[in-house]
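Hello,

Please find the structure below, handed over for your use. My notes on what was found in it follow.

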Amino acid sequence: MSKDFLVALEEVLANRLNSSQSFEFQSVNKNNGVALMAVIIKDMASNIAPCIYLEQYEERYNNGEDIESLVNEILRTSASAKGCEGVDLSDITNWDKAKKNLVYRLVNKERNADRLKDAPHIDYLDLAIVFYIDLADNDEGLASTLVTNKMVKCWGNPTTDELITVAKANTEVKYTATVNCMSSMVSAMMCGEAPNTDSANLIGDSFKGENFRMNVTQGEPMHVVTNDKQLNGANAICYTGLCKAFAEFMENDFYIIPSSIHECLFVPCGGNFGADELRAMVTDVNNTQVQPTEILSYNVYKYTRATDTITIA
């Protein structure tokens with residue numbers, strides 16, 4: 001990040017904050033080993049100090065946008081974190097409280113090797129199941145924190161089996177999985193609707209499971225799998241009964257393309273693409289279209305109906 005931008009930002013922030021506020025710039029390690037520069041604005045009257053990532057603001061500054069208007073937006077973003085004001089330290093440190101908001105996500109194991117040294121996780125294929133505590137979920141977005149080994153020690157050292165049991169139950173209730181055929185999504189979007197399985201404009205067969213909603217069509221080459229928030233939805237491939245229900249409806253095994261940490265694609269076997277072609281597609285898309293922090297894997301997976309298992313294809 002350029003020194004010129006940080007100096008300009010520092011000067012304006014210093015003049016705009018009151019005596020009870022302070023700020024600092026900090027490099028924050030994110031998913032896949034990516035470090036992002038953030039500004040952290042602290043207020044003595046608040047127990048929340050959000051990280052506001054600066055890459056987009058620097059780009060807009062370099063494109064000629066006024067630094068004052070950028071600071072106004074940064075301050076508004078910081079103020080919106082008041083949705084987390086009800087968070088108490090015990091919500092994180094007390095197991096009985098924390099487990100109510102414990103969820104899990106899928107990340108790339110190799111690219112997150114350093115972070116995983118300090119976080120409980122479960123190896124899964126070339127991925128890792130990691131745990132988060134959801135702190136707030138409102139119109140301003142989702143606030144969460146990665147579960148670390150230190151936090152687990154504060155909780156009395158529950159095992160990873162205990163963590164995944166709790167997290168799986170919470171995740172599948174809080175984040176309903178969705179499976180939509182591509183043509184249904186296009187149809188819904190053409191009608192100005194967000195694509196979801198409750199849309200009247202969806203085509204195909206719709207049905208619901210305990211933790212998922214599907215709108216699927218036999219013969220459709222691709223179906224999009226995510227959750228109803230479209231955030232960190234790749235973990236839907238681990239939802240109880242989802243892959244089995246899709247395979248039984250399609251009467252076929254299928255490949256799983258890891259589009260990003262937010263979604264996957266289901267591609268029935270026997271179509272125009274085999275594992276090698278799909279793997280080349282994943283590589284190209286990851287290298288050209290997916291943000292580095294959102295890459296899930298360069299592999300392709302296969303669900304086999306007979307064994308109800310997912311393997312690397």
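R60, E65 and E73 are joined in a network of salt bridges. Please keep in mind that the model is a predicted one. The total number of salt bridges counted in it is 10. Three further pairs are described here, each with the exposure of its two residues.

The K42 and E24 pair

K42 and E24 form a salt bridge through their side chains, with an N to O distance of 3.4 Å. This pair connects distant parts of the chain, as K42 belongs to strand β2 (residues 35–43) and E24 to strand β1 (residues 21–29), 18 residues apart. K42 has a relative accessible area of 38% and is therefore partly exposed. E24 is also partly exposed, because its relative accessibility is 32%.

The R279 and D276 pair

Here the side chains of R279 and D276 meet in a salt bridge, at 3.0 Å from N to O. Both residues lie in helix α11 (residues 275–288), and because they are 3 residues apart there, about one helical turn separates them.

The K99 and D96 pair

A salt bridge also links the side chains of K99 and D96, with 3.8 Å between N and O. That distance qualifies because the cut-off is within 4 Å. K99 is partly exposed, with a relative accessible area of 30%. D96 is partly exposed as well, at a relative accessibility of 48%.

Cysteines

How many disulfides does the count give? The count comes to 0 disulfides. C264 is in no disulfide: the nearest cysteine sulfur belongs to C243 and is 8.9 Å away, whereas a disulfide needs two cysteine sulfur atoms within 2.5 Å. Is C264 buried or exposed? With a relative accessible area of 1%, C264 is buried. C181 is another buried cysteine, as its relative accessibility is 0%. Both values fall in the buried class because that class covers anything under 20%.

To recap, the salt bridge count is 10 and the disulfide count is 0.

Regards

How values were computed: Residues are numbered from 1 along each chain as its sequence is written. This is a predicted model: local features need pLDDT of at least 70, side-chain atom pairs count only at pLDDT 80 or more; totals for chains, interfaces and linings use all residues. Side-chain values use heavy atoms; hydrogens and water are left out. Buried means under 20% relative accessible area, exposed over 50%, partly exposed in between (1.4 Å probe, protein chains only). Helices (H or I, at least four residues) and strands (E, at least two) are DSSP runs, numbered from the N terminus.
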